[in-house]
Amino acid sequence: MASGWTNDTASIRAIPVLAALQGTAPKAAQPTLAAAICLLGSDCDKQEQFLVDTLTFADQNTGNQELLRSAAAGLGALGVAGRTTALQALLRSGVGEKSSTRAPIALAVATVALRNTPLIL
């Protein structure tokens with residue numbers, strides 16, 4: 001994703017483009033765009049909530065495995081970047097869920113654990 005681009009001219013110009021794409025992109029791409037917008041330093045609380053809501057929706061509605069994976073990966077990327085609330089959302093979402101939901105969440109949590117170990121501890 002776009003981690004590390006914050007506060008430069010390219011990232012400032014990229015945010016409106018990504019925001020516009022978020023409304024028209026395929027459903028499965030929207031969580032990736034939300035994570036990228038947050039990683040660029042714009043509207044993180046709203047983008048993170050979108051990812052949590054998307055994860056919940058995809059879990060509760062069958063046939064949305066790709067959307068579920070995308071939302072979990074987006075929250076994982078935010079966790080790697082240091083957003084504790086994203087990691088907490090993943091951990092809450094994964095508890096007691098069916099294996100088709102747990103697997104993408106476990107992968108996202110494992111990614112955070114490997115790339116930002118202090119956040120897990």
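Visitor: Before we start, what counts here?
Guide: It's a predicted model, where local features need pLDDT of at least 70, side-chain atom pairs count only at pLDDT 80 or more, and totals for chains, interfaces and linings use all residues. Residues are numbered from 1 along each chain as its sequence is written, and side-chain values use heavy atoms, leaving out hydrogens and water.

Visitor: OK, at what angle do α3 and α4 pack?
Guide: About 150°, with the axes 8 Å apart; α3 is residues 44-60 and α4 is residues 65-80. Helices are DSSP runs (H or I, at least four residues), numbered from the N terminus. Axes are lines fitted to C-alpha atoms over the stretch in contact, and angles run from 0 to 180 degrees between N-to-C directions.

Visitor: So parallel or antiparallel?
Guide: Roughly antiparallel, since that word covers angles over 145 degrees, while under 35 is roughly parallel.

Visitor: Which residues of α3 touch α4?
Guide: Among them are Leu51, Leu55 and Phe57, and α4 brings residues including Leu68 and Leu75. Contact means heavy atoms within 4.5 Å.

Visitor: Switching topic: how does α2 pack on α4?
Guide: α2 (residues 30-39) packs on α4 at about 10°, with axes 8 Å apart. That makes the two roughly parallel.

Visitor: And what's in that contact?
Guide: Pro31 and Ala35 of α2 are among the residues, with Ser70 and Ala77 among those of α4. The α2 and α4 contact has eight nonpolar residues, three polar and no charged.

Methods:
Angles under 35 degrees count as roughly parallel, over 145 as roughly antiparallel, 65 to 115 as roughly perpendicular and the rest as oblique. Ala, Val, Leu, Ile, Met, Phe, Trp, Tyr, Cys and Pro count as nonpolar, Asp, Glu, Lys and Arg as charged, and the others, Gly among them, as polar.
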